[in-house]
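Trainee: I would like to learn how to read a structure like this one. Could we go through it step by step?

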Amino acid sequence: MVSRNTMTKTGRATNKASDSSNVDSGHQDNKDLLLSFYEEMVFIRHFELKASEMYQKAKIGGYCHLNLGEEATVVGLMRATQKQDYLFTTYREHGYAISKGSDPGRVMAELFGKADGVSHGWGGSMHLFDKETHLMGGYGIVGGQIPPATGAALAISYKNTPSTDSPIVVCIMGDGTTNIGAFHESLNIAAVWKLPIVYVIVNNFLGMGTSVDMASGEPELYKRGASYKIESIRINGEDPLEVYNTSLRMFRIAREEHRPLLIEAMSHRLKGHSVVDPAKYRSTEEMKEAEQHDPIPMLEKKLIGLSYLKESDITSIVAKAKERVSSAVAFAEQSPNPDIRQLFANVYSKKLPNDFYRLPGEPLFDEHSFSK
Ligand SMILES: Cc1ncc(C[n+]2csc(CCOP(=O)(O)OP(=O)(O)O)c2C)c(N)n1
Ligand SMILES: [Mg+2]
(Lines give C-alpha, C1' and ligand atoms only; values in the text may rest on other atoms or scores of the structure.)
(Ligands and ions follow the chains in the order given, each with its own letter.)
Protein backbone atom coordinates (compact mmCIF):
# COMPACT_ATOMS: atom_id res chain seq x y z
CA MET A 1 0.00 0.00 0.00
CA VAL A 2 1.48 3.33 -1.02
CA SER A 3 0.91 6.15 1.38
CA ARG A 4 0.84 9.59 -0.13
CA ASN A 5 0.77 12.48 2.24
CA THR A 6 1.54 15.79 0.67
CA MET A 7 -1.34 17.72 2.05
CA THR A 8 -1.71 20.76 4.22
CA LYS A 9 -4.06 20.82 7.19
CA THR A 10 -7.20 20.60 5.12
CA GLY A 11 -5.86 19.19 1.86
CA ARG A 12 -6.41 15.73 0.45
CA ALA A 13 -4.43 12.53 0.91
CA THR A 14 -5.10 8.82 0.58
CA ASN A 15 -3.61 5.53 1.70
CA LYS A 16 -4.07 3.77 -1.59
CA ALA A 17 -1.88 3.70 -4.67
CA SER A 18 -4.13 5.84 -6.85
CA ASP A 19 -6.85 8.29 -5.99
CA SER A 20 -9.51 8.33 -8.66
CA SER A 21 -11.97 10.48 -6.75
CA ASN A 22 -11.25 13.61 -8.72
CA VAL A 23 -12.14 11.83 -11.93
CA ASP A 24 -15.00 9.79 -10.50
CA SER A 25 -16.78 12.76 -9.00
CA GLY A 26 -20.30 11.32 -9.26
CA HIS A 27 -22.03 14.69 -9.67
CA GLN A 28 -21.32 17.87 -11.56
CA ASP A 29 -20.33 21.03 -9.84
CA ASN A 30 -23.65 22.56 -10.68
CA LYS A 31 -25.49 25.58 -9.44
CA ASP A 32 -28.52 23.88 -7.92
CA LEU A 33 -26.45 21.43 -5.93
CA LEU A 34 -24.16 24.11 -4.51
CA LEU A 35 -27.06 26.39 -3.68
CA SER A 36 -28.92 23.60 -1.92
CA PHE A 37 -25.79 22.80 0.10
CA TYR A 38 -25.55 26.46 1.03
CA GLU A 39 -29.19 26.71 2.12
CA GLU A 40 -28.94 23.61 4.27
CA MET A 41 -25.66 24.73 5.85
CA VAL A 42 -27.21 28.11 6.70
CA PHE A 43 -30.21 26.37 8.22
CA ILE A 44 -28.04 24.12 10.40
CA ARG A 45 -25.98 27.14 11.46
CA HIS A 46 -29.08 28.99 12.64
CA PHE A 47 -30.52 25.89 14.26
CA GLU A 48 -27.33 25.55 16.29
CA LEU A 49 -27.15 29.23 17.21
CA LYS A 50 -30.73 28.99 18.44
CA ALA A 51 -29.93 25.81 20.38
CA SER A 52 -27.13 27.71 22.12
CA GLU A 53 -29.52 30.55 22.96
CA MET A 54 -32.17 28.15 24.24
CA TYR A 55 -29.59 26.35 26.37
CA GLN A 56 -28.62 29.62 28.00
CA LYS A 57 -32.32 30.26 28.69
CA ALA A 58 -32.43 26.84 30.44
CA LYS A 59 -34.90 25.46 27.91
CA ILE A 60 -32.37 22.72 27.17
CA GLY A 61 -30.81 20.64 29.94
CA GLY A 62 -27.87 18.25 30.11
CA TYR A 63 -24.99 18.67 27.70
CA CYS A 64 -25.28 20.33 24.32
CA HIS A 65 -22.64 20.14 21.59
CA LEU A 66 -22.96 22.04 18.34
CA ASN A 67 -21.97 21.46 14.71
CA LEU A 68 -20.79 25.09 14.30
CA GLY A 69 -17.95 24.98 11.74
CA GLU A 70 -18.79 21.43 10.68
CA GLU A 71 -21.77 22.23 8.46
CA ALA A 72 -20.05 21.45 5.14
CA THR A 73 -19.03 18.01 6.41
CA VAL A 74 -22.51 17.34 7.76
CA VAL A 75 -24.31 18.30 4.56
CA GLY A 76 -21.83 16.71 2.14
CA LEU A 77 -21.90 13.40 4.02
CA MET A 78 -25.61 13.16 4.64
CA ARG A 79 -26.56 14.16 1.10
CA ALA A 80 -24.49 11.23 -0.18
CA THR A 81 -26.38 8.70 1.94
CA GLN A 82 -29.41 6.79 0.71
CA LYS A 83 -32.61 6.50 2.74
CA GLN A 84 -31.94 2.87 3.68
CA ASP A 85 -28.47 3.63 5.08
CA TYR A 86 -27.95 3.55 8.84
CA LEU A 87 -26.27 6.36 10.70
CA PHE A 88 -24.44 6.01 14.01
CA THR A 89 -22.90 9.18 15.34
CA THR A 90 -21.71 11.16 18.34
CA TYR A 91 -23.24 13.61 20.78
CA ARG A 92 -22.43 16.39 18.24
CA GLU A 93 -25.23 15.35 15.98
CA HIS A 94 -28.09 17.84 15.60
CA GLY A 95 -27.12 18.74 12.04
CA TYR A 96 -26.63 15.11 11.01
CA ALA A 97 -30.12 14.20 12.27
CA ILE A 98 -31.72 17.06 10.36
CA SER A 99 -29.71 16.45 7.23
CA LYS A 100 -30.54 12.71 7.28
CA GLY A 101 -34.22 13.68 7.28
CA SER A 102 -35.45 14.10 10.86
CA ASP A 103 -37.96 16.89 11.29
CA PRO A 104 -36.19 19.95 12.79
CA GLY A 105 -39.16 20.57 15.11
CA ARG A 106 -38.85 17.06 16.52
CA VAL A 107 -35.08 17.51 16.91
CA MET A 108 -35.58 20.80 18.78
CA ALA A 109 -38.32 19.15 20.88
CA GLU A 110 -35.82 16.44 21.84
CA LEU A 111 -33.31 19.07 22.90
CA PHE A 112 -36.08 20.55 25.07
CA GLY A 113 -36.77 17.07 26.52
CA LYS A 114 -40.34 17.07 25.20
CA ALA A 115 -42.64 14.17 24.33
CA ASP A 116 -42.69 14.96 20.59
CA GLY A 117 -38.91 14.79 20.39
CA VAL A 118 -37.32 12.17 18.15
CA SER A 119 -36.45 10.12 21.26
CA HIS A 120 -39.74 11.08 22.97
CA GLY A 121 -37.88 13.43 25.27
CA TRP A 122 -35.86 10.76 27.05
CA GLY A 123 -32.64 11.19 25.11
CA GLY A 124 -31.90 14.91 24.89
CA SER A 125 -29.26 16.59 22.76
CA MET A 126 -26.71 13.77 22.90
CA HIS A 127 -29.10 10.90 22.23
CA LEU A 128 -31.15 11.72 19.16
CA PHE A 129 -32.64 8.56 17.66
CA ASP A 130 -34.99 8.26 14.71
CA LYS A 131 -36.08 4.86 13.48
CA GLU A 132 -37.74 6.36 10.40
CA THR A 133 -34.58 8.00 9.09
CA HIS A 134 -32.34 5.15 10.31
CA LEU A 135 -30.54 7.42 12.76
CA MET A 136 -29.37 4.88 15.35
CA GLY A 137 -28.04 7.51 17.82
CA GLY A 138 -26.49 10.01 19.15
CA TYR A 139 -23.90 8.49 21.62
CA GLY A 140 -22.62 10.32 24.69
CA ILE A 141 -19.88 7.78 25.33
CA VAL A 142 -16.85 8.54 23.19
CA GLY A 143 -16.51 5.58 20.80
CA GLY A 144 -19.73 3.98 22.09
CA GLN A 145 -21.25 4.09 18.62
CA ILE A 146 -18.47 2.17 16.87
CA PRO A 147 -19.13 -1.44 18.01
CA PRO A 148 -22.93 -1.29 17.47
CA ALA A 149 -22.38 0.38 14.09
CA THR A 150 -20.02 -2.43 13.14
CA GLY A 151 -22.58 -4.97 14.38
CA ALA A 152 -25.27 -3.33 12.24
CA ALA A 153 -22.97 -3.68 9.23
CA LEU A 154 -22.60 -7.38 10.07
CA ALA A 155 -26.40 -7.71 10.11
CA ILE A 156 -26.59 -5.97 6.73
CA SER A 157 -23.99 -8.30 5.27
CA TYR A 158 -26.10 -11.28 6.41
CA LYS A 159 -29.30 -9.94 4.94
CA ASN A 160 -28.13 -8.27 1.72
CA THR A 161 -25.87 -9.07 -1.15
CA PRO A 162 -23.69 -6.25 -2.47
CA SER A 163 -25.70 -4.14 -4.92
CA THR A 164 -26.42 -0.56 -5.93
CA ASP A 165 -29.16 -0.33 -3.33
CA SER A 166 -27.72 -2.42 -0.49
CA PRO A 167 -27.87 -0.40 2.73
CA ILE A 168 -24.60 0.56 4.37
CA VAL A 169 -23.63 1.94 7.77
CA VAL A 170 -22.08 5.37 8.14
CA CYS A 171 -20.32 5.69 11.49
CA ILE A 172 -19.23 9.17 12.49
CA MET A 173 -16.73 10.00 15.23
CA GLY A 174 -14.37 12.75 16.32
CA ASP A 175 -10.57 12.74 16.10
CA GLY A 176 -10.30 12.05 19.86
CA THR A 177 -12.25 8.84 19.40
CA THR A 178 -9.59 7.14 17.32
CA ASN A 179 -7.52 6.38 20.44
CA ILE A 180 -10.33 4.33 21.99
CA GLY A 181 -9.76 0.56 21.86
CA ALA A 182 -13.17 -0.08 20.31
CA PHE A 183 -12.11 1.93 17.24
CA HIS A 184 -9.24 -0.48 16.51
CA GLU A 185 -11.18 -3.63 17.38
CA SER A 186 -14.08 -2.59 15.19
CA LEU A 187 -11.97 -1.61 12.19
CA ASN A 188 -10.12 -4.90 12.40
CA ILE A 189 -13.24 -7.05 12.51
CA ALA A 190 -14.90 -4.96 9.78
CA ALA A 191 -11.90 -5.62 7.53
CA VAL A 192 -11.75 -9.33 8.36
CA TRP A 193 -15.49 -9.79 7.79
CA LYS A 194 -15.70 -7.35 4.86
CA LEU A 195 -18.50 -5.28 6.32
CA PRO A 196 -20.39 -2.54 4.45
CA ILE A 197 -19.45 0.36 6.70
CA VAL A 198 -17.81 3.72 6.16
CA TYR A 199 -16.11 5.11 9.25
CA VAL A 200 -15.88 8.90 9.19
CA ILE A 201 -13.47 10.79 11.43
CA VAL A 202 -14.42 14.44 11.75
CA ASN A 203 -11.05 15.90 12.63
CA ASN A 204 -11.55 19.32 14.21
CA PHE A 205 -8.03 19.21 15.71
CA LEU A 206 -9.43 18.99 19.25
CA GLY A 207 -10.84 16.43 21.65
CA MET A 208 -12.32 18.80 24.24
CA GLY A 209 -9.20 20.89 25.00
CA THR A 210 -6.56 18.39 23.83
CA SER A 211 -5.05 18.80 20.39
CA VAL A 212 -4.66 15.86 18.02
CA ASP A 213 -0.89 16.39 17.99
CA MET A 214 -0.76 15.95 21.76
CA ALA A 215 -3.01 12.90 21.87
CA SER A 216 -2.14 10.83 18.81
CA GLY A 217 1.16 9.16 17.95
CA GLU A 218 0.12 9.40 14.29
CA PRO A 219 -1.83 12.64 13.94
CA GLU A 220 -2.74 11.93 10.31
CA LEU A 221 -5.61 9.83 11.42
CA TYR A 222 -6.72 8.44 8.05
CA LYS A 223 -3.47 6.45 8.04
CA ARG A 224 -4.86 4.26 10.81
CA GLY A 225 -6.99 2.52 8.21
CA ALA A 226 -3.81 1.14 6.63
CA SER A 227 -3.21 -1.07 9.68
CA TYR A 228 -6.34 -2.95 8.73
CA LYS A 229 -6.00 -2.67 4.92
CA ILE A 230 -8.96 -0.31 4.90
CA GLU A 231 -8.96 2.15 2.03
CA SER A 232 -8.82 5.59 3.61
CA ILE A 233 -8.80 9.19 2.53
CA ARG A 234 -8.26 12.59 4.14
CA ILE A 235 -10.36 15.35 2.65
CA ASN A 236 -11.18 19.00 3.12
CA GLY A 237 -14.27 18.90 5.31
CA GLU A 238 -14.90 22.58 4.71
CA ASP A 239 -15.88 22.06 1.08
CA PRO A 240 -19.32 20.45 0.88
CA LEU A 241 -18.81 19.40 -2.72
CA GLU A 242 -15.56 17.60 -1.96
CA VAL A 243 -17.18 15.88 1.01
CA TYR A 244 -20.21 14.94 -1.09
CA ASN A 245 -18.25 13.59 -4.07
CA THR A 246 -15.85 11.60 -1.92
CA SER A 247 -18.68 10.23 0.20
CA LEU A 248 -20.66 9.18 -2.88
CA ARG A 249 -17.66 7.26 -4.14
CA MET A 250 -16.76 5.66 -0.80
CA PHE A 251 -20.38 4.81 0.01
CA ARG A 252 -20.78 3.22 -3.41
CA ILE A 253 -17.77 0.98 -2.85
CA ALA A 254 -19.13 -0.10 0.56
CA ARG A 255 -22.53 -0.73 -1.04
CA GLU A 256 -21.42 -2.59 -4.13
CA GLU A 257 -18.42 -4.46 -2.77
CA HIS A 258 -19.28 -4.87 0.91
CA ARG A 259 -16.04 -3.74 2.45
CA PRO A 260 -15.17 -1.07 5.03
CA LEU A 261 -13.67 2.32 4.19
CA LEU A 262 -12.51 5.32 6.15
CA ILE A 263 -12.84 9.06 5.53
CA GLU A 264 -11.08 11.72 7.58
CA ALA A 265 -12.77 15.09 7.08
CA MET A 266 -10.77 18.10 8.28
CA SER A 267 -12.79 20.91 9.81
CA HIS A 268 -12.63 23.54 12.53
CA ARG A 269 -14.67 23.84 15.69
CA LEU A 270 -15.83 27.46 15.81
CA LYS A 271 -16.81 27.51 19.50
CA GLY A 272 -16.11 25.58 22.69
CA HIS A 273 -16.44 21.83 23.07
CA SER A 274 -20.00 22.28 24.34
CA VAL A 275 -22.24 25.29 24.77
CA VAL A 276 -20.92 25.94 28.31
CA ASP A 277 -17.23 25.69 27.40
CA PRO A 278 -15.60 29.14 27.09
CA ALA A 279 -12.59 27.42 25.41
CA LYS A 280 -10.00 29.42 27.38
CA TYR A 281 -7.36 26.94 26.24
CA ARG A 282 -7.45 28.37 22.72
CA SER A 283 -5.39 31.44 21.89
CA THR A 284 -6.86 34.44 20.06
CA GLU A 285 -4.77 33.47 17.03
CA GLU A 286 -6.17 29.94 17.04
CA MET A 287 -9.71 31.28 17.25
CA LYS A 288 -9.04 33.69 14.40
CA GLU A 289 -7.68 30.85 12.30
CA ALA A 290 -10.76 28.76 12.99
CA GLU A 291 -12.99 31.68 11.97
CA GLN A 292 -11.11 31.99 8.70
CA HIS A 293 -12.08 28.39 8.03
CA ASP A 294 -15.78 28.97 8.59
CA PRO A 295 -17.28 26.98 5.69
CA ILE A 296 -20.31 29.24 5.24
CA PRO A 297 -18.58 32.51 4.26
CA MET A 298 -16.16 30.39 2.20
CA LEU A 299 -19.01 28.89 0.18
CA GLU A 300 -20.78 32.26 -0.01
CA LYS A 301 -17.67 33.78 -1.55
CA LYS A 302 -17.43 30.95 -4.06
CA LEU A 303 -21.10 31.24 -5.02
CA ILE A 304 -20.90 35.02 -5.41
CA GLY A 305 -17.76 34.59 -7.54
CA LEU A 306 -19.63 32.16 -9.78
CA SER A 307 -22.59 34.58 -9.97
CA TYR A 308 -24.82 31.92 -8.43
CA LEU A 309 -25.70 34.14 -5.48
CA LYS A 310 -26.33 37.85 -4.83
CA GLU A 311 -26.30 39.71 -1.50
CA SER A 312 -30.11 39.95 -1.63
CA ASP A 313 -30.34 36.14 -2.04
CA ILE A 314 -28.24 35.70 1.10
CA THR A 315 -30.60 37.94 3.06
CA SER A 316 -33.63 35.93 2.01
CA ILE A 317 -31.94 32.54 2.56
CA VAL A 318 -30.96 33.61 6.10
CA ALA A 319 -34.46 34.96 6.78
CA LYS A 320 -36.01 31.69 5.59
CA ALA A 321 -33.62 29.67 7.77
CA LYS A 322 -34.44 31.77 10.83
CA GLU A 323 -38.16 31.37 10.17
CA ARG A 324 -37.84 27.58 9.97
CA VAL A 325 -35.81 27.57 13.18
CA SER A 326 -38.48 29.70 14.91
CA SER A 327 -41.13 27.17 13.84
CA ALA A 328 -38.99 24.37 15.28
CA VAL A 329 -38.76 26.25 18.59
CA ALA A 330 -42.51 26.94 18.61
CA PHE A 331 -43.15 23.24 18.02
CA ALA A 332 -40.81 22.30 20.87
CA GLU A 333 -42.40 24.86 23.21
CA GLN A 334 -45.93 23.56 22.76
CA SER A 335 -44.99 19.89 23.02
CA PRO A 336 -45.87 18.33 26.42
CA ASN A 337 -43.35 16.92 28.86
CA PRO A 338 -43.01 13.13 28.62
CA ASP A 339 -45.29 11.13 30.90
CA ILE A 340 -43.20 10.28 33.97
CA ARG A 341 -44.99 6.93 34.14
CA GLN A 342 -43.21 6.00 30.91
CA LEU A 343 -39.78 6.55 32.44
CA PHE A 344 -38.88 2.87 32.36
CA ALA A 345 -40.92 1.96 29.29
CA ASN A 346 -37.93 1.52 26.99
CA VAL A 347 -35.33 0.51 29.53
CA TYR A 348 -36.06 -3.19 29.96
CA SER A 349 -37.44 -5.68 27.48
CA LYS A 350 -39.75 -7.19 30.12
CA LYS A 351 -42.16 -5.58 32.52
CA LEU A 352 -40.30 -4.76 35.72
CA PRO A 353 -41.44 -3.46 39.06
CA ASN A 354 -39.96 -0.03 38.52
CA ASP A 355 -42.29 2.87 38.82
CA PHE A 356 -42.23 6.51 39.52
CA TYR A 357 -43.55 6.18 43.12
CA ARG A 358 -40.95 3.72 44.26
CA LEU A 359 -37.98 4.68 46.39
CA PRO A 360 -35.00 2.35 46.85
CA GLY A 361 -35.77 -0.47 49.30
CA GLU A 362 -39.56 -0.28 48.99
CA PRO A 363 -41.39 -3.57 48.40
CA LEU A 364 -42.12 -4.58 44.83
CA PHE A 365 -45.63 -4.25 43.42
CA ASP A 366 -47.12 -2.49 46.43
CA GLU A 367 -50.44 -0.68 46.31
CA HIS A 368 -48.87 2.33 44.57
CA SER A 369 -47.25 0.25 41.93
CA PHE A 370 -47.99 1.33 38.43
CA SER A 371 -46.67 -1.97 37.05
CA LYS A 372 -49.27 -4.17 38.74
C1 LIG B 1 -15.45 7.01 27.13
C2 LIG B 1 -15.50 8.48 27.34
N3 LIG B 1 -14.39 9.13 27.80
C4 LIG B 1 -14.42 10.47 27.98
C5 LIG B 1 -15.56 11.19 27.72
C6 LIG B 1 -15.57 12.70 27.88
N7 LIG B 1 -15.50 13.33 26.57
C8 LIG B 1 -16.62 13.78 25.98
S9 LIG B 1 -16.31 14.40 24.48
C10 LIG B 1 -14.67 14.09 24.59
C11 LIG B 1 -13.74 14.48 23.48
C12 LIG B 1 -14.00 13.79 22.20
O13 LIG B 1 -13.35 14.45 21.16
P14 LIG B 1 -13.55 14.08 19.66
O15 LIG B 1 -13.69 12.61 19.50
O16 LIG B 1 -12.45 14.72 18.89
O17 LIG B 1 -14.95 14.72 19.27
P18 LIG B 1 -15.38 16.25 19.16
O19 LIG B 1 -15.99 16.61 20.48
O20 LIG B 1 -14.19 17.06 18.83
O21 LIG B 1 -16.43 16.30 18.09
C22 LIG B 1 -14.37 13.50 25.81
C23 LIG B 1 -13.03 13.10 26.22
C24 LIG B 1 -16.69 10.49 27.24
N25 LIG B 1 -17.83 11.11 26.95
N26 LIG B 1 -16.63 9.15 27.05
MG1 LIG C 1 -12.44 16.55 17.86
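Predicted model: local features only at pLDDT ≥ 70, side-chain atom pairs only at ≥ 80, totals over all residues.

Trainee: In which strand is the place of Leu261?

Mentor: Leu261 lies in strand S9, which covers residues 261-266.

Trainee: Does Leu261 count as buried or exposed?

Mentor: A residue is buried if 20 or more other C-beta atoms, placed from the backbone, lie within 10 Å of its own, exposed if 12 or fewer, and partly exposed in between. Leu261 counts as buried because it has 25 C-beta neighbours inside 10 Å.

Trainee: How far apart are Leu261 and Val198, in sequence and in space?

Mentor: They are 63 residues apart in sequence, and their C-alpha atoms are 4.8 Å apart in space. Two residues are in contact if their C-beta atoms, placed from the backbone, lie within 7 Å; leaving aside residues up to four places away in sequence, Val198 touches Leu261 and also, among others, Ile168, Met250 and Phe251.

Trainee: Which residues have the most contacts inside the largest nonpolar core?

Mentor: A nonpolar core is a set of buried Ala, Val, Leu, Ile, Met, Phe, Trp, Tyr and Cys residues joined through C-beta atoms within 7 Å. The largest one here has 80 residues, and those with the most contacts inside it are Val169, Cys171, Ile197, Val198 and Val200. Helix H1, residues 31-56, gives the most to this core, with nine residues.

Trainee: At what angle do H1 and H10 pack?

Mentor: Two packed helices are described by the angle between their axes and the distance between the axes. Axes are lines fitted to C-alpha atoms, for helices over the stretch in contact, and angles run from 0 to 180 degrees between N-to-C directions. H1 and helix H10 (residues 295-305) pack at about 150°, with their axes 10 Å apart. That makes H1 roughly antiparallel to H10, since angles under 35 degrees count as roughly parallel, over 145 as roughly antiparallel, 65 to 115 as roughly perpendicular and the rest as oblique. Among the residues making the contact are Leu34 and Phe37 of H1 and Ile296 and Leu299 of H10.

Methods. Residues numbered from 1 in each chain as written. Chains lettered and ligands numbered in written order. Helix = DSSP H or I, 4+ residues; strand = E, 2+ residues; numbered from the N terminus.
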